[in-house]
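Subject: Structure handover

Hello,

Here is the structure I promised you. Please open it alongside this note.

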Amino acid sequence: MTKYGIGLFFISLFFVSCKKETTNFTSESVTDYYPMQVGNYITYQLDSTIFLPFGARDTVISYQVQDRVDAQITDNIGRPAYRIIRYIRQDTSEAWAPNNTFMVVPTANSIEYIENNLRFLKLEMPVKQDFSWKGNSYIDTYSINSDLQYLDDWDYTYDSLDVPLTINSIIIDSTITVTERDEFLGQDPSIPVTQYAEKTYAIEKYGKGIGLIYREFLHWEYQGSQNGVPGYYAGYGVKLTITNHN
């Protein structure tokens, strides 16, 4: 083999090895787990955790809510979006009543969810085990007057991909879990000397072809007793569990 032939041989090996190293990873689309179509709805059991006056203990109040895809619209920069109206009732003896409005912006790479003027990146490409992203990056957690510091720097992470689940007798063939936060600061409030504690927990599950099927969120802060004033909790929690969908 001539020196030119040897050179061409090694060049060929170089390009073959590069091609192997740059194999693209294929992923399901985020819209597979967050489909949007006008007329679709999901009904949930909503368990709301609140702290009673003086914050000595918490209580849970339960409702039924239904999120309906009401219309296709555009967001403030002209992108295709969907308006979601949430209806609420105490139980089946009551009629549904409008309660809140949300907006969903599905893009090629993400699902943006706008709630109370806060923009969350609920899902992000690629849908891959342990892939993470800053889901609250559009939320102002830095301003002096912001009361949302506890939402700062959350790492949303995919876990338990393509897992079948049965929730309230609903069989869901494929689900994904997004872990968002699991943090505890300070000391156990049951310890009398504790002056401060804080807990934040958030997780969501999505069903393929359905959307959000489970959400759990809890945030509270504990201030210890001072100058004869008993210690107290402040915060709130929400748990959504699917009960029906079309």
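Below is what was found, starting with the overall fold.

First, the ground rules. This is a predicted model: local features need pLDDT of at least 70, side-chain atom pairs count only at pLDDT 80 or more, and totals for chains, interfaces and linings use all residues. Numbering starts from 1 along each chain as its sequence is written, and side-chain values use heavy atoms, with hydrogens and water left out.

Overall fold

The protein chain has 1 helix and 12 strands. These are DSSP runs numbered from the N terminus (helices: H or I, at least four residues; strands: E, at least two).

The 12 strands form an open sheet with antiparallel pairing, in the order 6-5-4-3-2-1-12-11-10-9-8-7. Two strands pair if DSSP finds at least two bridges between them. Strand 6 (118-124) and strand 7 (132-134) are the edges; each has a single partner strand, so one side of each lacks a neighbour in the sheet.

Of the 246 residues in the protein chain, 38% are buried. Buried means under 20% relative accessible area, exposed over 50%, and partly exposed in between (1.4 Å probe, protein chains only).

Strand 3 and its partners

Strand 3 has 8 of its 10 residues buried, so the rest of the structure largely encloses it. On one side, 10 bridges join strand 3 to strand 2 (residues 58-74), running antiparallel. Gln66 pairs there with Tyr87 of strand 3. The two strands form a hairpin with 5 residues between them, and Gly78 in the turn has a positive phi of about 85 degrees.

Strand 3 also pairs with strand 4, antiparallel, over 7 bridges. Arg83 has Met103 in strand 4 as its bridge partner.

Strands 10 and 11

Strand 10 (residues 196-207) and strand 11 (residues 211-223) run antiparallel, joined by 12 bridges. Tyr201 has Leu218 in strand 11 as its bridge partner.

Largest pocket

The largest pocket holds about 470 Å³ of space. A pocket is an open set of points on a 1 Å grid over the protein atoms alone, where a 1.4 Å probe fits, with protein on both sides within 12 Å along at least five of seven lines; lining residues have an atom within 4 Å of a point. The volume is the space filled by probe spheres set on the points, which are joined across faces, edges and corners.

Best wishes
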